[in-house]
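Colleague: I would like to learn how to read a few features of a model. Could we take them one at a time?

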Amino acid sequence: MFSSEDKTFNIPQNSSESFMETLRRIEEKWQKRWEKAKIFEANPDPTKPKFFITVAYPYPNSPQHVGHARTYTLADVYARYMRMRGFNVLLPMAFHYTGTPVLAMAKRLAENDEDLVSDFVDVYKVPREKLKELTEPLAMARYFHQEIKEGMKEIGYSIDWRREFTTVDPHYNRFIEWQFHKLRERGYITRGSHPVGWCPKDGNPVGQHDTQGDVEPEIGEFTLIKFGHGEWVLPTATLRPETVFGVTNIWLNPKAKYVKAIVDGEKWIVSRECAEKLTYQNHKVTILESFDGRALIGKLVKNPATNEEIYILPADFVDPKNATGVVMSVPGHAPYDYVALENIKSEPSRLVEHGLKEDVIKTINAISIIETPQFSEVPAADVVKKMGIKEQTDPKLEDATKEVYRHEFHNGKMKNNTGKYAGLSVAEAKEKVKQDLIAAGKATIMYELLNRPVRCRCGTECVVKIFENQWFIDYGKPEWKALAHKCLEKMRILPEELRAQYKYVIDWLHEKACARKSGLGTRLPWDPEWIIESLSDSTIYMAYYTIARHIKEYEIQPDQLTDKVFDYIFLGVGNIGEVAEEAGINAKVLEEMRQEFLYFYPLDSRHSAHELIPNHLTFMIFNHTAIFPESLWPKQIVTNGLVTMEGAKMSKSFGNIIPLREGLATYGADPIRLSVLATAELLQDADFSPSVARAMRDRLERLYKLVIETAKTETSEKSQPSNEELTTIDKWILSRLQEHIKRATDAMEKLAVRKAIHTILFELDQDLQWYLKRAKATPKTATAYILDEVLKTQILMLTPFAPHICEELWEKMGGKGFASLAQWPNPDEAKVDVKAEESETFIATLLEDTAHIIRATGIKPTKIFYYTAAKWKWKAYLKAIEKSLEEKVEQASLIKELLKDEDLKGRGGVKEIADFIGKIIEEINKMPKERKERLMQIGMVDESRILETAKTFLETEVNAEIIIQKEEEKRYDPKNRAKMARPWRSAIYIE
């Protein structure tokens, strides 16, 4: 017999340390066995359905840390689950060398950058003598490639390594050249001048993978409206040109440096930083003089749209690095401006020093130019007051701004004081005002990074550059967007809540720079001075996985991989004999590659982090629709949040980065796998901490020791008894087991991995521990059989999450073959016993009620009396449930209905029935329908008999004598408690 208490297993004080040694031995053992048996190498098998999963291939410019493990472990858990569901699963891996990250890192290392050297030596644990070698970019990439690969093996990912490649392999270069030829043939490649994120130091366009923190530069188009100041122009940068009619003043930062400059022959006043940025956007700029912003405070400027003169006022919140550093103030419709103006009015002394009179300032009031149903005349004031905002520094101003703009953009109409734009929607007026002002020479365009500051990996702050003769992928084509939307509509998106984000990105995407002059990668086939950048050579590489092993096995050379070869393999275009002969590839090999591609494609599940939705993941959708037929478009995308470390973002600057291999060595592979998945579902960020990892390891240790003890039991004791030989508690745990299987399976189908882990590792264990306590006090239980059945099931369901220890435990329990290849458990409806489940809930609830009374009264019991409900109460109770299944039960009507039953009326009495119904009516109306149906299925039960079977257990738990009596029989009841008894809730009296 087994106790639920850990002390039964005599765990030594240093058990965690000794268990870590056990874990390491187990990990090494099973990783070797998997590799030797080649169980994760997937080849086409017509007898099995296939499931093709890929996860973003990593950049080898540093080791992976624990945070990276979430995305990759999730993909592996899903692969392992689908394998156990009977699918022929392919999970391959490659390495993304493309781009500038490795170059930038190698350059910094060569320059002996102290911070980087410290990271390499202290955080990444790179031997100092190795650093010089890593100053060569490819050497660095290969070093970290191997480091990441070893980590993936050590954590137990079920990868088919035969298909491994890098994005600088000559064979892969040919594949990307083919892809770009296809895009160009179909009109999706353009050349021209477009705004791009740009690193002034490196002289290159930058994308997400080129920036510190992997931030995608978001480019916004600002309208520069030219406010006149004598012969000078103050160009105000705005994203809402339609609000020019509501401008009350101009804001300048009095502490910032501004310049007078000749811009394209026109005299401008802008911030010093703006003057430099304009040069990147094809403006000719000559700076004449520099001065502090305070020199212009109190001066007048003329609004080009209304010809009204307005004041220049001081505002510290104006960022000279953002656009022009000149801001027009629209307090009626911009919460920032409203709060700033109100602040100035409350501190007029600030303006006196600039020569402004108090009474002048007090006459500046918000101008209402947009009518919106949700708001009063001054929308900004409405929202500011609602949110309780008082100061310009309040972070809630950002949300206030979004709220006003959202309502005005969708529901707002321009008022009569906007001239010819009156009556137009805000969306229409925004574009018309901009175009009219530009046509009249009163405005122009400037591009700025909306999410600045964005820094290149070299450390330089990025700007926007109008890049001449740049090659672009034109994601702005309407017909291509339509195909992308069609693909998205057919796809399963997990979590579903993010589908709207994909739609938004598809609509928003426009020309994307696809090549640059430096970096690693594939050269543009028709213009080899350019190298295809990292977000453009990583969109359809999933197809390449399907043939990568053939290229290696048959030693196919890069020059044999012609466009015609790829056309045949991936599109079925061409005559196989002619293609094979021309390329010098055996026709059988070519056909084998074609068939393997068709077997595994389309991609069944793509895994990545949420942050790649605005680029890589949406690019994948676009490129598949451009190149492949609809039947081969991807079927599912799964994304997850990031991983924090004890609530803080993982960052080297915070000193909380744990390299993955270091984490594996410290806590073990399976505890790490569980830790990065157990604290959050897909939509949320997960929080890793050493305490979570230790707790997971302790859980696995307890399971390990229980299985080892169970495995010692004689095989004969584990044989399955007949249903008649099973006690109620045996039936209860078997029934609960089926529910846990259902819940875990449902969770895994939705990739709700936190719920699945909670069900498998915690809820099932809770039930098992309860069973062991009950079985100890219950004669004739089939404990050995039950433990064997429950633990084997638990082990199999835990296998995708903790494969190493589960393989070991599966073997210990006599399981056949690899747990990784065993069938995922299916619930057995024949073992579902709702009566046993409700009976056990009844006992557990009664025990909780008893404990509550003891705690509340402070009594030390010697005797506890349980009074079970009278039969008339059962009859009334079941009748009430039956009625409530049809509609909500009203007390009066139910009592009236019950009193029609003379037998019930005679046994219970009118007052007693009314009192009883009053006590149960609310509980029944709130009861879930599923439970009502269960209780009706069970009907009336003999509660006394249930309690008698559990009497020994109850006496052990409460350390007192238990006396069980029926309400309607003669009894000892000095406090008249029996009348409080209800079905499934016995009354209690304690002495």
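Colleague: How close do the axes of helix α15 and helix α20 come, and at roughly what angle do they cross?

Modeller: Keep in mind that this is a predicted model. Two packed helices are described by the angle between their axes and the distance between the axes. Here the axes of α15 (residues 499-508) and α20 (residues 613-627) come within 10 Å and cross at roughly 80°. Angles of 65 to 115 degrees count as roughly perpendicular, and α15 and α20 are therefore roughly perpendicular to each other.

Colleague: Which residues of α15 and α20 meet?

Modeller: From α15, Gln501, Tyr502, Val505, Ile506 and Trp508 take part, and they meet Ile613, Pro614, Leu617, Thr618, Ile621 and Phe622 of α20. By type, the residues of this contact of α15 with α20 divide into nine nonpolar, two polar and no charged.

Colleague: At what angle do α29 and α32 pack, and how far apart are their axes?

Modeller: Helix α29 (residues 871-884) and helix α32 (residues 910-926) pack at about 40°, with axes 10 Å apart. The crossing of α29 past α32 is right-handed. Among the residues that meet are Trp872, Lys873 and Tyr877 in α29, and Glu912, Phe916 and Glu923 in α32. The residues of the contact of α29 with α32 divide into ten nonpolar, two polar and three charged.

Colleague: Which peptide bonds are cis?

Modeller: Most residues other than glycine have a negative phi, and most peptide bonds are trans. The bond from Arg452 to Pro453 is cis, with omega near 0°, and Pro453 is in the loop between β16 (443-449) and β17 (463-474). The bond from Tyr601 to Pro602 is also cis, with omega near 10°. Pro602 lies in the loop between α19 (587-600) and β22 (605-609).

Colleague: What is phi for Asn307 and for Asn976?

Modeller: Phi of Asn307 is near 65°, a positive value in a residue other than glycine. Asn976 has a positive phi of about 55° and is not a glycine either. Asn307 sits in the loop between β11 (300-302) and β12 (309-314), while Asn976 is in the loop between β28 (961-966) and β29 (987-990). Asn307 is exposed, with a relative accessible area of 53%; Asn976, at 37%, counts as partly exposed.

Colleague: How many disulfides are there?

Modeller: The count comes to zero. Take Cys514 as a case: the closest cysteine sulfur, in Cys462, is 19 Å from the sulfur of Cys514, which is too far for a bond. Cys514 is buried, with a relative accessible area of 1%. Cys487 is buried too, with a relative accessible area of 1%.

Colleague: Is Glu808 buried or exposed?

Modeller: At 1% relative accessibility, Glu808 counts as buried, because buried means under 20%. Glu808 is found in helix α27 (residues 803-812). Leaving aside neighbours within four places in sequence, Glu808 is in contact with Arg25, Ile26, Lys29, Trp30 and Tyr704.

Colleague: Where is Thr401 found, and what is Thr401 in contact with?

Modeller: Thr401 is in helix α12 (residues 396-411). Its relative accessible area is 27%, so Thr401 is partly exposed. Beyond neighbours within four places in sequence, Thr401 is in contact with Pro335 and Tyr336. Thr401 and Ala380 are 21 residues apart along the chain, and their C-alpha atoms are separated by 7.9 Å.

Key: Residues are numbered from 1 along each chain as its sequence is written. This is a predicted model: local features need pLDDT of at least 70, side-chain atom pairs count only at pLDDT 80 or more; totals for chains, interfaces and linings use all residues. Side-chain values use heavy atoms; hydrogens and water are left out. Axes are lines fitted to C-alpha atoms, for helices over the stretch in contact, and angles run from 0 to 180 degrees between N-to-C directions. Helices (H or I, at least four residues) and strands (E, at least two) are DSSP runs, numbered from the N terminus. A crossing is left-handed if the near helix is turned anticlockwise from the far one by less than a right angle, and right-handed if clockwise. Contact means heavy atoms within 4.5 Å. Ala, Val, Leu, Ile, Met, Phe, Trp, Tyr, Cys and Pro count as nonpolar, Asp, Glu, Lys and Arg as charged, and the others, Gly among them, as polar. A disulfide is a pair of cysteine sulfur atoms within 2.5 Å. Buried means under 20% relative accessible area, exposed over 50%, partly exposed in between (1.4 Å probe, protein chains only). Angles under 35 degrees count as roughly parallel, over 145 as roughly antiparallel, 65 to 115 as roughly perpendicular and the rest as oblique.
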